[in-house]
Amino acid sequence: QVQLVESGGGLVQAGGSLRLSCAASGRPGSIGTMGWYRQVPGKQRELVATITTISSTNYADSVKDRFTISRDNAKNTVYLQMNSLKPEDTAVYYCKVRGLGVLGWTDYWGQGTQVTVSS
């Protein structure tokens, strides 16, 4: 079983920055691709960014050049640096991790952290 602990959300003015963190429990080699998703009420959860074990990254077009995803494999932690934030970035942000559990490789989700960007 992989457990995730997210932190770093909050309230920020447009143009500001926030950094999200997500720490995953698990032994070395048991954590695969890590990523961030976001969801606003009434809409589907959408991909923000992902990063593989060899740090290959993928971003949603809406956040390219503003957000940066990174990971620390020694700490099983993924980060999302969010710069030049816009009101439309307001959402609950969820960490997702591909982890090796008792049933094999499984996707695990964090509890979510609220990001609110005021205009």
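Visitor: In which strand is the place of Tyr79?
Guide: This is a predicted model, and its chain has zero helices and 11 strands. Among these elements, the place of Tyr79 is in strand 8.

Visitor: Which residues does Tyr79 touch, and what separates its C-alpha atom from that of Ser21?
Guide: Not counting residues up to four places away in sequence, Tyr79 touches Arg19, Leu20, Ser21, Trp36, Thr68, Ile69, Ser70, Arg71 and Asp72. One of these, Ser21, is 58 residues apart from Tyr79 along the chain.

Visitor: Which residues have the most contacts inside the largest nonpolar core?
Guide: In soluble globular proteins, nonpolar side chains tend to be buried together. In this chain the largest nonpolar core has 29 residues. Strand 3 (18-24), strand 4 (31-39), strand 5 (46-51), strand 7 (67-72), strand 8 (77-82), strand 9 (91-101) and strand 11 (113-118) each give two or more residues to this core. Those with the most contacts inside the core are Trp36, Leu80, Met82 and Tyr93.

Visitor: With which residues is Met82 in contact, leaving aside its neighbours within four places in sequence?
Guide: Met82 is among the residues with the most contacts inside the largest nonpolar core. Once its neighbours within four places in sequence are left aside, Met82 is in contact with Gly16, Ser17, Leu18, Leu20, Arg66, Phe67, Tyr93 and Val115.

Visitor: Where does Ile51 lie, and what is its relative accessibility?
Guide: Ile51 touches Thr33, Met34, Ser56, Thr57, Ile69, Ser70, Arg71 and Val78, not counting residues up to four places away in sequence. Between Ile51 and Cys22, 29 residues apart in sequence, the C-alpha to C-alpha distance is 13 Å. Ile51 lies in strand 5. It counts as buried because its relative accessibility is 2%.

Visitor: Where is the place of Val2, and is this residue buried or exposed?
Guide: The place of Val2 is in the segment before strand 1 (4-7). Its contacts, leaving aside neighbours within four places in sequence, are Ala24, Ser25, Ile31, Gly99, Leu100 and Tyr108. Thr50, 48 residues apart from Val2 in sequence, is 18 Å apart in space, C-alpha to C-alpha. At 5% relative accessibility, Val2 counts as buried.

Visitor: In which loop is Asp65 found, and what is its relative accessibility?
Guide: Asp65 is found in the loop between strand 6 and strand 7. The C-alpha atoms of Asp65 and Thr113, 48 residues apart along the chain, are separated by 22 Å. A residue is exposed when its relative accessible area is over 50%. Asp65 therefore counts as exposed, at 84%.

Visitor: What is the phi of Ser55, and what is the phi of Ser84?
Guide: Most residues other than glycine have a negative phi. Ser55, in the loop between strand 5 and strand 6 (57-59), counts as partly exposed at 44% relative accessibility. Ser84, in the loop between strand 8 and strand 9, counts as partly exposed at 40% relative accessibility. Both have a positive phi: for Ser55 about 65°, and for Ser84 near 50°.

Visitor: What is the radius of gyration of the chain?
Guide: The C-alpha atoms fill a box of roughly 45 × 30 × 20 Å, taken along the principal axes. With 119 residues, a compact globule would have a radius of gyration near 14 Å. The chain agrees with that expectation, at 14 Å.

Visitor: What share of the contacts with a separation of 6 or more is accounted for by residues 24 or more positions apart?
Guide: From the N terminus on, the elements of the chain run β-β-β-β-β-β-β-β-β-β-β. Of the contacts in the chain with a separation of 6 or more, residues 24 or more positions apart account for 53%.

Visitor: What share of the 119 residues is buried, and what share of the accessible surface belongs to carbon and sulfur atoms?
Guide: Buried residues make up 43% of the 119 residues in the chain. The accessible surface comes to about 6400 Å². The share of that surface belonging to carbon and sulfur atoms is 49%.

Visitor: How far apart do the centres of the positive and negative side chains lie?
Guide: The chain has 12 positive and 8 negative side chains. The centres of the two sets lie apart by 5 Å.

Conventions
Residues are numbered from 1 along each chain as its sequence is written. This is a predicted model: local features need pLDDT of at least 70, side-chain atom pairs count only at pLDDT 80 or more; totals for chains, interfaces and linings use all residues. Side-chain values use heavy atoms; hydrogens and water are left out. A nonpolar core is a set of buried Ala, Val, Leu, Ile, Met, Phe, Trp, Tyr and Cys residues joined through side-chain atoms within 4.5 Å. Buried means under 20% relative accessible area, exposed over 50%, partly exposed in between (1.4 Å probe, protein chains only). Helices (H or I, at least four residues) and strands (E, at least two) are DSSP runs, numbered from the N terminus. Contact means heavy atoms within 4.5 Å. The radius of gyration is taken over C-alpha atoms; the globule rule is 2.2 Å times the number of residues to the power 0.38. Accessible areas come from the Shrake-Rupley method with a 1.4 Å probe; for residues, only the protein chains shown count as cover. Lys and Arg count as positive and Asp and Glu as negative; His and the chain ends are not counted. The place of a charge is taken as NZ of Lys, CZ of Arg, CG of Asp or CD of Glu.
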